[in-house]
Amino acid sequence: MNASDASRNARSAVPWVTTAARLVLGGVLIVAGGLKIGNPSESVVAVRAYELLPDSVATTVGYGLPIAEIVIGVLLVIGLMTRVAAVVAALLMLAFVFGIAWAWANGLRIDCGCFGGGGELGAGQEPTYLVDILRDFGFVLLGAWIVRFPPGRFALDRPLGLAGTDHLTTEEENGDGQGRPGEVGA
């Protein structure tokens, strides 16, 4: 295998990596929102526990967050408005990283509430801030990958004409497998 073949193989893998990133990040958001949506008052308690927002804003965020997570997650899984959904997901995850770091830096002893629950920890429970931050930062990176290389395979963006050709491999663009000199495909 020569360098050209290796480069072509790497380029052809990018849409599959994007698809995997979409499914993982979207799936996590759907699960997180789904676990919270049945008990929105618990979500409000979790948001208030961070002591970052005024009560009225924390209440609004607490009620709206599960819905937003589910909607963004579904958009990512089906590949609709992929880049926009990935930007929002990455910013949301970055906000979670900031909130958890804030709680840790300010000595709060809370459960992040990422997958339901949340609020102050009970006696004998220890926060898992570092694990939570690393996990959520990993999701930020997945979102950044999707933003850079949308929409991936099996995305609705493509048949709806929302993907543009700059994210197709050169083989897909030409339909002949030859590519065009100087073009970089995803």
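**Exercise 1. At roughly what angle do the axes of helix H1 and H4 cross, and within what distance do they come?** Work out how the two helices are arranged and what sits between them.

*Solution.* Keep in mind that you're looking at a predicted model.

- Step 1: Find the two helices. H1 covers residues 3-37, and H4 covers residues 82-105.
- Step 2: Look at the axes. Those of H1 and H4 cross at roughly 60° and come within 11 Å.
- Step 3: Name the arrangement. Roughly perpendicular starts at 65 degrees and roughly parallel ends under 35, so H1 and H4 are oblique to each other.
- Step 4: H1 goes past H4 in a left-handed crossing.
- Step 5: List who touches whom. H1 brings Arg22, Leu25 and Leu29, while H4 brings Thr82, Ala89, Leu92 and Met93.

**Exercise 2. Describe how H1 packs against H3, and sort the residues of their contact.**

*Solution.* 

- Step 1: Get the geometry. H1 and H3 have axes 7 Å apart and pack at an angle of about 155°.
- Step 2: Anything over 145 degrees counts as roughly antiparallel, so that is what H1 is to H3.
- Step 3: Check the handedness. H1 and H3 make a left-handed crossing.
- Step 4: Pick out some of the partners. On the H1 side they include Arg22, Leu25, Gly26, Gly27 and Leu29, and on the H3 side they include Leu65, Pro66, Ile70, Gly73 and Leu76.
- Step 5: Do the sorting. The contact of H1 with H3 divides into 15 nonpolar, five polar and three charged residues.

Notice some names turning up again: Arg22, Leu25 and Leu29 of H1 take part in the contact with H4, and they're also in the contact with H3.

**Exercise 3. Is threonine 82 buried or exposed, and which residues does threonine 82 touch?**

*Solution.* 

- Step 1: Threonine 82 belongs to helix H4.
- Step 2: Check the accessibility. Threonine 82 has 0% relative accessibility, so this residue counts as buried.
- Step 3: Look around. Leaving out residues up to four places away in sequence, threonine 82 touches Arg22, Leu76, Ile146, Pro150, Pro151 and Asp157.
- Step 4: Follow up on two of those neighbours. Proline 150 and proline 151 are joined by a cis peptide bond, with omega about -10°. Proline 151 lies in the loop between H5 and helix H6 (170-174).

**Exercise 4. How many aromatic pairs does a search of the whole structure find?** Then take two of them apart.

*Solution.* 

- Step 1: Count. The search finds four aromatic pairs.
- Step 2: Start with tryptophan 104 and tyrosine 129. Their ring centres are 5.9 Å apart and their planes sit at 35°, so this pair is tilted.
- Step 3: See what the pair connects. Tryptophan 104 is in H4 and tyrosine 129 is in helix H5 (residues 129-148), so the pair links distant parts of the chain, 25 residues apart.
- Step 4: Compare their surroundings. Tryptophan 104 is partly exposed at 44% relative accessible area, while tyrosine 129 is buried at 6%.
- Step 5: Move on to tryptophan 145 and phenylalanine 149. Here the centres are 4.6 Å apart and the planes are at 45°, so this pair is tilted too.
- Step 6: Check accessibility again. Tryptophan 145 is partly exposed, at 29%. Phenylalanine 149 has 19%, and the cut-off for buried is under 20%, so phenylalanine 149 is buried.

**Exercise 5. Which residues of helix H2 are buried, and what follows H2?**

*Solution.* 

- Step 1: Read off the buried side. In H2 (residues 40-49), Ser43, Val44, Ala46, Val47 and Ala49 are buried.
- Step 2: Find the cover. The buried residues of H2 are covered by elements including H1, helix H3 (55-78), strand E1 (110-111) and strand E2 (119-120).
- Step 3: Contrast with valine 45, also placed in H2. Valine 45 is partly exposed, with a relative accessible area of 45%.
- Step 4: Step past the end. After H2 comes glutamate 51, with a positive phi near 55°. Glutamate 51 sits in the loop between H2 and H3 and is exposed at 55%.
- Step 5: Spot another positive phi. Phenylalanine 154 has phi near 55°, lies in the loop between H5 and H6, and counts as exposed at 66% relative accessibility.

Conventions:
Residues are numbered from 1 along each chain as its sequence is written. This is a predicted model: local features need pLDDT of at least 70, side-chain atom pairs count only at pLDDT 80 or more; totals for chains, interfaces and linings use all residues. Side-chain values use heavy atoms; hydrogens and water are left out. Rings of Phe, Tyr and Trp (its six-membered ring) pair if their centres lie within 6.5 Å; planes under 30 degrees apart count as stacked, over 60 as edge-to-face and the rest as tilted. Helices (H or I, at least four residues) and strands (E, at least two) are DSSP runs, numbered from the N terminus. Buried means under 20% relative accessible area, exposed over 50%, partly exposed in between (1.4 Å probe, protein chains only). Axes are lines fitted to C-alpha atoms, for helices over the stretch in contact, and angles run from 0 to 180 degrees between N-to-C directions. Angles under 35 degrees count as roughly parallel, over 145 as roughly antiparallel, 65 to 115 as roughly perpendicular and the rest as oblique. A crossing is left-handed if the near helix is turned anticlockwise from the far one by less than a right angle, and right-handed if clockwise. Contact means heavy atoms within 4.5 Å. Ala, Val, Leu, Ile, Met, Phe, Trp, Tyr, Cys and Pro count as nonpolar, Asp, Glu, Lys and Arg as charged, and the others, Gly among them, as polar.
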